[in-house]
Amino acid sequence: MKRILSGMQPTSQLHLGNYLGALKNWVSFQDKQDTECLYCVVDLHAITVAYEPEVLKKASLEIAAAYIAAGIDPKKSTIFVQSAVPEHSQLMWLLGTMAQMGKLQRMTQFKDKAGKNAERAGLGLFAYPVLMAADILIYKATHVPVGEDQKQHLELTRDLASTFNTKFDIDFFPHPEPVITGPAPRVMSLRDGTKKMSKSEPSDMSRINLTDDADTILKKIKKAKTDPEPLPDSLESLEERPEALNLITLYAALANEAKEDSLKRFAGESFSVFKPAFAELVIESFAPITNEMNKLMQDIDQVQKIVDSGSEKSRDIAAPVLRDVHKIMGLSAL
Ligand code: TRP
């Protein structure tokens with residue numbers, strides 16, 4: 001039996017990168033017979049940077065609504081909020097006693113987020129990967145769909161699982177595997193084909209948000225950076241053209257076809273032909289999700305109910321694991 005766990009932070013709006021890089025894949029896992037899926041809204045991670053409590057509360061439910069709107073079915077998958085399952089933070093402390101400062105200092109995401117002011121960074125930002133390890137290990141998850149940028153955190157998770165198992169001479173935690181598949185695991189910015197599409201990028205023109213209307217999507221795609229050459233007929237010729245490669249990758253992912261096939265359709269055409277076709281595809285793909293999301297946001301109590309029941313289910317898995325960890329570590333019975 002496989003158990004999948006993944007999560008997203010409730011920070012601002014979801015964009016095409018979150019959809020193609022994560023959500024679309026998450027949906028595909030829930031129909032596999034031997035797989036149980038847990039999808040978490042990681043609000044405890046979101047408070048490692050500046051935030052507003054009311055905004056966070058709303059964003060957590062919004063992300064849960066986006067999961068559902070994108071096709072995650074609460075009857076098949078468990079959708080929940082991290083802070084409603086206190087076992088995550090409890091396990092984090094226990095794993096924290098085994099996490100080495102030196103290894104945490106090498107985490108590139110910490111270095112990026114702390115910037116030049118690492119001395120002023122909070123303990124929570126530093127310990128972020130330990131909480132992520134706890135998110136995964138508290139469910140003894142076996143597979144973790146993540147983007148490339150999270151691979152290092154997954155390695156740390158495996159490392160902590162090994163440290164625990166070795167220290168207490170027990171085969172307790174599995175070694176969770178990163179799952180970095182899907183048609184577009186790395187969705188790049190519309191303004192720079194070498195940078196990831198990101199909600200933290202200041203220019204909104206760099207990304208397409210799940211809530212953008214058709215006109216905005218068309219405008220953003222028309223303005224997307226490209227090069228003057230027409231589209232080629234083979235993928236190899238795109239290697240030196242990151243923007244063109246990104247757009248073709250996204251087109252193919254949304255059209256559910258191979259990149260080669262998308263290229264064949266547009267070989268020899270200029271971007272002025274490709275871009276409107278691509279925009280139409282994005283608009284068509286997003287419309288049902290955006291509609292569903294708007295409906296869910298009108299009925300936020302229903303989303304709250306789904307999340308509450310998901311959190312309860314998650315606690316039923318997490319509580320006995322934490323109890324076992326306490327026993328193994330010589331702590332008081334829970
Ligand atoms: N750190 C992840 C990100 O920024 C989010 C995350 C937190 C996560 N806990 C997780 C992802 C557990 C997968 C599993 O994308």
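How many salt bridges does a search of the whole structure find? The search finds 15. The structure is a predicted model. The domain assignment divides the protein chain into domain 1 (2-179 + 299-329) and domain 2 (204-295).

**Domains**
- Domain 1 is assigned in two segments, 2-179 and 299-329, while domain 2 is assigned as 204-295.
- The C-alpha centres of domain 1 and domain 2 are 31 Å apart.
- Contact between the domains involves 13 residues of domain 1 and 14 residues of domain 2.

**Helices α12 and α13**
- Helix α12 spans residues 271-298 and helix α13 spans residues 300-329.
- The axes of α12 and α13 come within 4 Å and cross at roughly 90 degrees. Angles of 65 to 115 degrees count as roughly perpendicular, so α12 is roughly perpendicular to α13.
- On the α12 side, the residues that meet α13 are Leu-296, Met-297 and Gln-298. Their counterparts in α13 are Ile-300, Gln-302 and Val-303.
- By class, four nonpolar and two polar residues make up the contact of α12 with α13, with no charged residues.

**Salt bridges**
- Arg-241 pairs with Asp-227 in a salt bridge whose closest N and O atoms are 2.7 Å apart.
- Arg-207 forms a salt bridge with Asp-204, and the closest N and O atoms are 3.3 Å apart. Arg-207 has a relative accessible area of 8% and is therefore buried, whereas Asp-204, at 33%, counts as partly exposed.
- Asp-204 and Arg-207 also belong to a network of salt bridges that includes Asp-212 and Lys-220.
- Lys-295 forms a salt bridge with Glu-292, with 3.8 Å between the closest N and O atoms. Both residues lie in helix α12, three residues apart, which is about one turn of the helix.
- Lys-295 counts as exposed because its relative accessibility is 56%. Glu-292, at 30% relative accessibility, counts as partly exposed.

**Glu-243**
- Glu-243 lies in helix α10.
- The relative accessible area of Glu-243 is 10%, so this residue is buried.
- Leaving aside neighbours within four places in sequence, Glu-243 is in contact with Asp-192, Gly-193, Lys-225 and Thr-226.

**Positive phi in residues other than glycine**
- Lys-140 has a phi near 45 degrees, a positive value in a residue other than glycine. Its place is the loop between α7 (123-137) and β4 (143-145). With 27% relative accessibility, Lys-140 counts as partly exposed.
- Asn-256 is not a glycine either, yet has a positive phi of about 55 degrees. This residue is in the loop between α10 and α11 (259-266). Asn-256 is exposed because its relative accessible area is 61%, and the cut-off for exposed is over 50%.

Methods. Residues numbered from 1 in each chain as written. Predicted model: local features only at pLDDT ≥ 70, side-chain atom pairs only at ≥ 80, totals over all residues. Heavy atoms only, no water. Axes fitted to C-alpha atoms, helices over the stretch in contact; angles between N-to-C directions. Helix = DSSP H or I, 4+ residues; strand = E, 2+ residues; numbered from the N terminus. Parallel < 35°, antiparallel > 145°, perpendicular 65-115°, else oblique. Contact = heavy atoms within 4.5 Å. Nonpolar A, V, L, I, M, F, W, Y, C, P; charged D, E, K, R; others polar. Salt bridge = Lys/Arg side-chain N within 4 Å of Asp/Glu carboxyl O. Buried < 20%, exposed > 50% of the residue type's maximum accessible area, 1.4 Å probe, protein only. Domains from an automatic or database assignment.
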